[in-house]
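Thanks for coming, everyone. I'll take you through one model today. Have a look at it first.

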2 protein chains.
Amino acid sequence: MDVLVSAAAFDQFGEHLAAAAPGARFLLAAEDGVRDRDGEAVLDGEPTVVWFSSDLFAGGRGVAWFRSAFIDSPRLAWVHSSTAGLDSPLFTQLLARGVRVSSAHIYAVPLAEYVLRAALDHFQRADQWRAAEADRAWRPHECAEMAGSTWLVVGLGNIGRRITQVATALGANVLGADRIEPSDASIHEFVAANELLGHLSRCDVVVLARPAAPDEPPLVDTRFLAAMRPGSLLVNVARGSLVDESALVAAVDRGTPGRAVLDVMAHEPLPDDSPLWAHPAITITPHSAGQGLGRYRRGAEVFEQNLRAFLAGCPIHGEAAAPAGTS
Amino acid sequence: MDVLVSAAAFDQFGEHLAAAAPGARFLLAAEDGVRDRDGEAVLDGEPTVVWFSSDLFAGGRGVAWFRSAFIDSPRLAWVHSSTAGLDSPLFTQLLARGVRVSSAHIYAVPLAEYVLRAALDHFQRADQWRAAEADRAWRPHECAEMAGSTWLVVGLGNIGRRITQVATALGANVLGADRIEPSDASIHEFVAANELLGHLSRCDVVVLARPAAPDEPPLVDTRFLAAMRPGSLLVNVARGSLVDESALVAAVDRGTPGRAVLDVMAHEPLPDDSPLWAHPAITITPHSAGQGLGRYRRGAEVFEQNLRAFLAGCPIHGEAAAPAGTS
């Protein structure tokens, strides 16, 4: 059985992976080709298992060479991805072909820390401290507190649940929205996905943490924005297509919400002429909120566990449901 | 019995206070004099109880007029302060006179949120995101994570304990230092105050959260700084005198620690010519980390409870120990 992994990931975690699958042949892919563990070029590879590790996505590099190393394999049975979303066209195609697809959810920790920093920066108006320091001016101000604030987290998957955990631990009152109420979310109140609008006016922070379906109209549109609380904070760490960016600019100009922090945008990299760049009430980061250094280790740990489970015929953690009509 | 409070605090919380002490005469102090609840000037006040509420300290205003309204009272028995520290000369003098002094610790919540923001900003190198946004440049970078980081919190009073709670909730490994190990701190390891130096090299974050004795030499001196971890973060939310600022500038110039975030300084407001202002690895805020808006309500709640306890002859929460030789 051939297991395809990136050469970089195997360098770091290969020993554990080899121990998890002692009978497998590991194919190590790099931009200049596929080799075996002895460094010999492999031309007859037919991967059964593929691990899309985080290093393949670091720095926004393309992964066409990695994809070409497995996409035509007649034995392809399972692709494990260390990305958060299974909503990419590649995975949709694989699922339609009957290939099993799973995802490791290793981004929940850094994404929750990013959201927390964004919210604390907003509550504390830290930009005013930074401006005062640049002016060498001693200008104290009072701060809002996260303890006692009200949050709405839209999407209660692994990422959303981690966000609700940290917000709750800091004393926030946390509403969580999804299609189905999960049993293990740290929320004070569950909101059905189709009843969001009625709850927005009491929320100091609204966090988007759910996938977007292809061609879905933006969840955060003019009506959504108008229903938010004046001065509140919108944070998007999910998908850029969830937000109507023109409507957002108009809304923050009116102060409702008071600020938006976006790690994802409809078009990435954000075009030079986007009004989002310089807007004083909109903060942009370059789709890197999830790039926490712990993700490599977490990703390898989950893949190793899943590899053992796959070989033993046991359930795979984080497996996507097969589309209707296949099985 | 006369109870002296600020007129501003009585405006907001007087109803609750009057209910807690129905037999008392409330004296409402403002800069232009002391009045009773009917607005009549009071010239014969002899306060038994005094509440130093947070509004008296907001915006760095002086409180000489408030102090003069009670300091000569022959009946003075108890002063409750809504500040964190009982190390001011006024409270030392009161204790020496046999007056009971207590403190409400209402700053723990905003101070812990400030420390958390400072640490997340450091781990995520958010300054690089802000610089990239100002340049309209899409420059992703990887981030350190707070989960799995190692912290040392020096001082495990109410403020330090709140900091250990939130750091632990986010997955940090937390060392706590004090003279005596408290029973209820969220720490993984206790460090005796005289054994700090040996633990500094493994700490990603060191937080100062303990009072400073008058004329005490700085805890954070050249030796302390040299023992810290390269690239680590020092946060001071306690007293400026805990840090030797010249030694700090020299140390961050060498990258050990990598950054210092100071809400308190040896001289406040920070003099115009201080090298701290413009140092790229030192962040200054104007002694306002504790100025969370929730402190007014929390302060009133604690004073009201303590007022009931005082009248009933029960223990007062947050009471300072009387100095040796008095009782």
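**Sheets, helices and the contact between chains**

Helix H6 of chain B, residues 158-169, lies across strand S7 (150-154), strand S8 (173-178) and S10 of chain B. Helix H6 of chain B runs at about 170° to S8(B). Keep in mind that this is a predicted model.

Now the sheet itself, still in chain B. Seven strands make an open sheet, ordered S9-S8-S7-S10-S11-S12-S13 in chain B, and the pairing is parallel. Which strands of chain B stand at the edges? They are strand S9 (189-192) and strand S13 (282-284). Each has a single partner strand, so one side of each is left without a neighbour in the sheet. From one strand to the next, the twist averages 15°.

Take one pairing in chain B. Strand S11 (residues 233-236) and strand S12 (residues 259-262) of chain B run parallel, joined by four bridges.

Over to chain A. Chain A also has its open sheet of seven strands, in the order S9-S8-S7-S10-S11-S12-S13, with parallel pairing. Strand S9 (189-192) and S13 of chain A are the edge strands, and each pairs on one side only. Here the twist averages 15° from strand to strand.

Look at strand S12 of chain A, residues 259-262. Are its residues buried or exposed? Both faces are covered. Arg259(A) and Val261(A) are on one side, Ala260(A) and Leu262(A) on the other, and all are buried. Strand S11 (residues 233-236) of chain A pairs with S12(A) in the parallel sense, over four bridges. Val235(A) has Val261(A) as its bridge partner in S12(A). S12(A) is also joined to S13(A), by three bridges, and these two run parallel. There, Leu262(A) stands opposite Ile284(A) in S13(A). H4(A) packs on the sheet and touches strand S10 (205-208), S11 and S12 of chain A. The direction of H4(A) makes about 160° with that of S11(A).

Next, the domains. Chain A is divided into domain 1, residues 2-106 + 294-312, and domain 2, residues 108-284. Taken over C-alpha atoms, the centres of domain 1 and domain 2 of chain A are separated by 33 Å.

Strand S5 of chain A covers residues 78-81. Trp78(A) and His80(A) point one way from S5(A), Val79(A) and Ser81(A) the other way. All of these are buried. Strand S4 (residues 47-52) of chain A pairs with S5(A) in the parallel sense, over four bridges. Val49(A) stands opposite Trp78(A). Four bridges also join S5(A) to strand S6 (residues 100-103) of chain A, again parallel. In S6(A), Trp78(A) has Arg100(A) as its bridge partner.

One residue in chain B deserves a stop. Arg308(B) is in helix H9, residues 295-311, of chain B. Arg308(B) counts as partly exposed, because it has 13 C-beta neighbours inside 10 Å.

Last, the two chains together. The contact takes 44 residues from chain A and 44 residues from chain B. On chain A, helix H4 (108-123), helix H5 (126-134), helix H6 (158-169) and strand S13 (282-284) each supply at least two residues of the side that touches chain B. H4(A) gives the most, with eight residues. By class, that side of chain A has 23 nonpolar, twelve polar and nine charged residues.

What about symmetry? Chain A superposes on chain B by a rotation of 180° with 0.0 Å of shift along its axis, at RMSD 0.1 Å. That is the relation of a two-fold axis. Which C-alpha of chain A is nearest the axis? That of Arg117(A), at 2.8 Å from it. And 100% of the interface residues of chain A are also interface residues in chain B, so the copies meet through the same surface.

That's the tour. Over to you.

Terms used: Residues numbered from 1 in each chain as written. Chains lettered and ligands numbered in written order. Predicted model: local features only at pLDDT ≥ 70, side-chain atom pairs only at ≥ 80, totals over all residues. Contact = placed C-beta atoms within 7 Å. Nonpolar A, V, L, I, M, F, W, Y, C, P; charged D, E, K, R; others polar. Pairing = 2+ DSSP bridges. Axes fitted to C-alpha atoms, helices over the stretch in contact; angles between N-to-C directions. Least-squares fit on C-alpha atoms with pLDDT ≥ 70 in both. Buried ≥ 20, exposed ≤ 12 C-beta atoms within 10 Å, placed from the backbone. Domains from an automatic or database assignment.
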